[in-house]
Amino acid sequence: AKTIAGEKGTVSERSFVMIKPDGVSRQLVGKIVSRFEERGYKLVAIKSLTPSPALAKEHYIDLASRPFYGGLVKYITSGTPVVAMVWEGKDIIRQGRRIVGATNPLESDPGSVRGQYAVSVGRNLIHASDSFESATKEIDLWFSEAELSSYEPTAWGWVMADN
Ligand code: UDP
Ligand code: MG
């Protein structure tokens, strides 16, 4: 069934990816976006904004009992914007997590965004949905249906071929 996060396991699967304030402040937006773009994934939506505390809290609600929750919300709502995106394509949720790297940058693969550019877990540059359920919740939280574009990139058939 077609949902806001596309269809799990197909080329229409979608993930929510966010460059956090440190990524914007460090001017890494272009380099990070390029990794998804060059892999062949489709940019479905992108915007920069400073999230409200309510939005940041809801986004990370599953971590509300953790000791770092308050600091995490403060970081995301610092006033330096975030870049919120939706990316689409085959296995984007799992591949997005691989592109981003492990939560603690000291454990991240050196080829990942965090492994290349970050050191601190509290300043790890980027977020990506960790499951289809999270992607559904997060895309719905950050974007309206009208903000999600439907189009076919010129190389789509080549990149997403399944034969
Ligand atoms: N975080 C933190 N300290 C920790 C664990 C997590 O500051 O010990 C922050 C970090 O920014 C991380 C975010 O909380 O990216 C969300 O944590 P999660 O476990 O969901 O990691 P992610 O999915 O971002 O890899
Ligand atoms: Mg997470």
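# Strands, helices and a ligand shell

Guide: Start at Val17, which stands opposite Met85 in strand 3. Keep in mind that the model is predicted.

Visitor: What makes strand 1 and strand 3 a pair?

Guide: Two strands pair if DSSP finds at least two bridges between them. Strand 1 and strand 3 have six bridges, in the antiparallel sense, so they count as paired.

Visitor: Which other strand pairs with strand 3?

Guide: Strand 2, residues 42-49, pairs with strand 3 in the antiparallel sense over seven bridges.

Visitor: Why is strand 3 called mostly covered?

Guide: Seven of its seven residues are buried. On one side of strand 3 these are Val82, Ala84, Val86 and Glu88, and on the other Val83, Met85 and Trp87. Both faces are therefore covered.

Visitor: How many residues of strand 1 are buried?

Guide: Six of its six residues are buried. Arg14, Phe16 and Met18 point one way from strand 1, while Ser15, Val17 and Ile19 point the other way.

Visitor: Why is His127 called buried?

Guide: A residue is buried if 20 or more other C-beta atoms lie within 10 Å of its own. His127 has 22, so His127 is buried. The place of His127 is in strand 4, residues 126-128. Leaving aside residues up to four places away in sequence, His127 touches Val17, Met18 and Lys20.

Visitor: What does UniProt record for His127?

Guide: An unreviewed UniProt entry carries the annotation "active site" for His127. His127 is also among the residues that surround ligand 1, together with Leu63, Phe68, Leu72, Thr103, Val121, Gly122, Asn124 and Asp130.

Visitor: How does the shell around ligand 1 divide into nonpolar, polar and charged residues?

Guide: The shell has four nonpolar residues, four polar and one charged. Asp counts as charged, so Asp130 is the charged one.

Visitor: Why are the buried residues of helix 7 said to lie on the same side?

Guide: The buried residues of helix 7, residues 132-142, are Ala135, Glu138, Ile139 and Trp142. They cover an arc of only 100° around the axis, and therefore sit on the same side of helix 7. These buried residues pack against strand 1, helix 3 (53-59), strand 3 and helix 5 (92-100).

Visitor: What makes helix 5 one-sided in the same sense?

Guide: Ile92, Ile93, Gly96, Ile99 and Val100 are the buried residues of helix 5. Their arc around the axis is only 120°, which puts them on the same side of helix 5. The elements they pack against are strand 1, helix 2 (29-39), strand 3, helix 6 (113-117), strand 4 and helix 7. Helix 5 is followed by Gly101, whose phi is positive, near 95°.

Visitor: Why is Asp91 called partly exposed?

Guide: The buried class needs 20 or more neighbours, and the exposed class 12 or fewer. Asp91 has 15 other C-beta atoms within 10 Å, and is therefore partly exposed.

Visitor: Why is Leu106 called exposed?

Guide: Leu106 has 11 other C-beta atoms within 10 Å. The limit is 12 or fewer, so Leu106 is exposed. Leu106 is found in the loop between helix 5 and helix 6. Leu106 and Gly71 are 35 residues apart in sequence and, C-alpha to C-alpha, 20 Å apart in space.

Visitor: Which residues does UniProt list for the domain?

Guide: Residues 12-150 are listed, in an unreviewed entry, as "domain: Nucleoside diphosphate kinase-like". Over these residues the chain is 40% helix and 17% strand, with its end C-alpha atoms 10 Å apart.

Technical notes:
Residues numbered from 1 in each chain as written. Chains lettered and ligands numbered in written order. Predicted model: local features only at pLDDT ≥ 70, side-chain atom pairs only at ≥ 80, totals over all residues. Near = placed C-beta within 6 Å. UniProt positions renumbered as here; feature names shortened; annotations may be inferred. Helix = DSSP H or I, 4+ residues; strand = E, 2+ residues; numbered from the N terminus. Contact = placed C-beta atoms within 7 Å. Arc of directions from axis to C-beta.
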